[in-house]
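Subject: Handing over the structure

Hello,

Here is the structure I promised to pass on to you. Please open it and keep it in view while you read the notes that follow.

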Amino acid sequence: MDIKIKYIKLENFKGVKEFETYFESDVALIVGQNATGKTSIMDAWLWLLFDRDSRGYKGAEAAKPMNGADFLHNLETAVTVKITIDSKP
């Protein structure tokens, strides 16, 4: 089975206030300076699939909006994805 992410949008997820992108090919490369949200993008996907981030935090703990080391309060966190699933026998 092939699961492909076609679109992802993060709102107030960890250190990312807002991010969205479309993936046009089968392979995506996410590159950036330190502390710019690369791991947060991966963690958003893991959070949707397994309710955990890459460090093992679960549920709301895995998605808390942050400003540096400080948690931000009274913000709604959202992760939206569009995927395709190709089930090959």
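Buried here means a relative accessible area under 20%. Ser40 has a relative accessible area of 10%, so Ser40 counts as buried. Please keep in mind that this is a predicted model.

Ser40 is found in helix α1, which covers residues 38-50. Which residues does Ser40 contact, leaving aside its neighbours within four places in sequence? They are Leu10, Phe13, Lys14, Gly15 and Val16. If you turn to Val16 and again leave aside the neighbours within four places in sequence, the contacts are Leu10, Glu11, Gly37 and Ser40.

**Salt bridges**

Side chains of opposite charge can pair when their charged atoms come close. How many salt bridges does the structure hold? There are four.

One of them joins the side chains of Asp43 and Lys14, at 2.7 Å from N to O. This pair links distant parts of the chain, with Asp43 in helix α1 and Lys14 in the loop between β1 (2-13) and β2 (16-22), 29 residues apart. Are these two residues buried or exposed? Asp43 has a relative accessibility of 2%, so Asp43 counts as buried. Lys14 is buried as well, at 10% relative accessibility.

Lys14 also forms a salt bridge with Asp53, where the closest N and O atoms are 2.7 Å apart. Here too distant parts of the chain are linked: Asp53 sits in the loop between α1 and β3 (66-67), Lys14 in the loop between β1 and β2, and the two are 39 residues apart. Asp53 counts as buried, with 6% relative accessibility. Taken together, Lys14, Asp43 and Asp53 are linked in a network of salt bridges.

Another salt bridge brings together the side chains of Glu61 and Lys64, at 2.8 Å from N to O. Glu61 has a relative accessibility of 43% and counts as partly exposed. Lys64 is partly exposed too, with a relative accessible area of 28%.

**The nonpolar core**

Next, have a look at the nonpolar residues. Which residues make up the largest nonpolar core? It has nine residues in all: Ile8, Leu10, Phe13, Val16, Phe23, Ile41, Ala44, Ala63 and Val79. The elements that give two or more residues to this core are β1 and α1. β1 gives the most, with three residues.

**Aromatic rings**

A pair of aromatic rings is described by the distance of the centres and the angle of the planes. A search of the whole structure finds two such pairs.

Tyr7 and Tyr22 form a tilted pair, at 4.7 Å centre to centre and with 45° between the planes. Tyr7 is in strand β1 and Tyr22 in strand β2, so the pair links distant parts of the chain, 15 residues apart. Tyr7 counts as buried at 7% relative accessibility, whereas Tyr22 is exposed, with a relative accessible area of 51%.

Phe13 and Trp47 have their ring centres 5.5 Å apart and their planes at 55°, so this pair is tilted. Phe13 lies in strand β1 and Trp47 in helix α1, so the pair ties together parts that are 34 residues apart in sequence. Phe13 is buried, with a relative accessible area of 0%.

**Charges over rings**

Two lysines are worth a look here. Lys64, which pairs with Glu61 in a salt bridge, lies over the face of Phe71 at 4.4 Å from the ring centre. Lys82 lies over the face of Tyr7, at 5.4 Å from the ring centre.

**One last residue**

To finish, please find Ala60, which lies in the loop between α1 and β3. Is Ala60 buried or exposed? Ala60 has a relative accessibility of 60%, so Ala60 counts as exposed. How far apart are Ala60 and Lys88 in space? They are 34 Å apart, C-alpha to C-alpha, and 28 residues apart in sequence.

Enjoy exploring the structure!

Best wishes

Technical notes: Residues numbered from 1 in each chain as written. Predicted model: local features only at pLDDT ≥ 70, side-chain atom pairs only at ≥ 80, totals over all residues. Heavy atoms only, no water. Helix = DSSP H or I, 4+ residues; strand = E, 2+ residues; numbered from the N terminus. Buried < 20%, exposed > 50% of the residue type's maximum accessible area, 1.4 Å probe, protein only. Contact = heavy atoms within 4.5 Å. Core = buried A, V, L, I, M, F, W, Y, C linked by side-chain atoms within 4.5 Å. Phe/Tyr/Trp six-rings, centres within 6.5 Å; stacked < 30°, edge-to-face > 60°. Lys NZ or Arg CZ within 6 Å of the ring centre and 35° of its normal.
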